[in-house]
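Visitor: Hi! Could you show me this one and walk me through its side-chain contacts and strands?

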Amino acid sequence: MRSLSRKQEESTPIQHHEDASANTAPSSPPQLHHSFGQLPLHAPPIASSSPAPAPVGGLAPGIEQDSADTFIGGKTFGEAVGDIARPVGTTLGNIVGSTVGALTGVSISSTTNAGPTWNDHGHFDWRVGFSTTGANGWIVQEIENTYRAQDDTGADLAGPVPTPHYWEAWAVDGASTITPNVGPNNDYWIRPGHGPNTTGHWSMTGKVFFTTTDPATQGFAAGNAPDAGILLSSTTEPAGLGVARLHRYAQGTWDSTGATPTHTGSAR
């Protein structure tokens, strides 16, 4: 999550499309204040040249490298396996979610308004809008994050890391309008840049649910998960979410230790 949640990683509040250039993040969104009861927004992006900021929009926990782990194309074996499995799980999950949506009449979809862009030094930016056929309820997004950032000696970078696992919520009114939003965007998935002479890997996974249970009655509040920004959020799983109607993921691996920085990944 920021989502709008926060989600960042640099040396950065759900994660969370206009076209963006490969090396330039879209313009920062305006500040919104939490006044909707239960709503999440992500923090604005951090320039890749800035010092390490906090994660934005559903961030992941720091994953320390095990000394016995080996690297494959800049990734640990576990990271490589996760990056292979993530899109498969997302595709299967969306098939199930679409079926349940057809049966219940409540579906959720997303539209990319900006990005996704993989910029130098690990900076990532992806902004989406949600839509739903549900009404008088809430959209809840479950975010799981992984994160590893090191300098050119292999030492872990200092600074904030993404929240490993949390939930964030948006309100849906009787006309199926979702708030909060910044323009067309409901969710920001952002990872900050960490500067030159760094390497790392990150991933974000989102499962999106519709519920008629007010998240505030289950302990959701703004600030519980910093990555979620102004959205109501919780690090404790709420009850009764049912089947996820939408699955999302993004991942990236960067290496800025050479003459030409690289940052590659995938998102869906």
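## Contacts and strands

Guide: Let's start with a charged pair: the side chains of R127 and D125 form a salt bridge, 2.9 Å from N to O. The term salt bridge means a side-chain nitrogen of Lys or Arg within 4 Å of a carboxyl oxygen of Asp or Glu. This is a predicted model, where local features need pLDDT of at least 70 and side-chain atom pairs count only at pLDDT 80 or more, while totals for chains, interfaces and linings use all residues. Residues are numbered from 1 along each chain as its sequence is written, and side-chain values use heavy atoms, with hydrogens and water left out.

Visitor: Are R127 and D125 buried or exposed?

Guide: Both R127 and D125 are buried. Buried means under 20% relative accessible area, exposed over 50%, and partly exposed in between, with a 1.4 Å probe and protein chains only.

Visitor: How many salt bridges are there in the whole structure?

Guide: The search finds 2. Besides the R127 and D125 pair, R248 bridges to D187, with their closest N and O atoms 2.5 Å apart. This pair links distant parts of the chain: R248 is in strand 12 (residues 246-255) and D187 in strand 8, 61 residues apart. Strands here are DSSP runs of E with at least two residues, helices are runs of H or I with at least four, and both are numbered from the N terminus. R248 and D187 are both buried. As background, side chains of opposite charge can pair when their charged atoms come close.

Visitor: Which rings does R248 lie over?

Guide: R248 sits over the face of W126, at 5.0 Å from the ring centre. It also lies over the face of W189, at 4.1 Å from that ring's centre. The criterion is NZ of Lys or CZ of Arg within 6 Å of the ring centre and within 35 degrees of the ring normal.

Visitor: Switching to rings, how many aromatic pairs are there?

Guide: There are 4 aromatic pairs. Rings of Phe, Tyr and Trp (its six-membered ring) pair if their centres lie within 6.5 Å; planes under 30 degrees apart count as stacked, over 60 as edge-to-face and the rest as tilted. In one of these pairs, F124 and W202 have ring centres 4.6 Å apart and planes at 45°, so the pair is tilted. F124 belongs to strand 4 (residues 124-132) and W202 to strand 9 (residues 198-211), so this pair ties together parts 78 residues apart in sequence. F124 and W202 are both buried.

Visitor: And what about W126 and W189?

Guide: Their ring centres are 5.5 Å apart and the planes stand at 90°, so that pair is edge-to-face. W126 in strand 4 and W189 in strand 8 (residues 187-191) are 63 residues apart, so here too the pair links distant parts of the chain. W126 counts as buried at 4% relative accessibility, and W189 at 0%.

Visitor: Which residues make up a ring cluster?

Guide: W118, F124 and W202 are linked into a cluster by ring pairs.

Visitor: How many residues of strand 6 are buried?

Guide: In strand 6 (residues 165-172), 7 of its 8 residues are buried. Strand 6 pairs in the antiparallel sense with strand 5 (residues 137-151) over 8 bridges, where W138 has A171 as its bridge partner. Strand 6 also pairs with strand 11 (residues 232-234), antiparallel over 3 bridges, and A169 is opposite L232 there.

Visitor: Where is the positive phi in the hairpin of strand 6 and strand 7?

Guide: S176 takes it, near 70°, in a hairpin with 5 residues between the strands. Strand 6 and strand 7 (residues 178-179) pair in the antiparallel sense over 2 bridges.

Visitor: Last one: how many helices and strands are in the protein chain?

Guide: The protein chain has 1 helix and 13 strands. Of its 268 residues, 51% are buried.

Conventions. Pairing = 2+ DSSP bridges.
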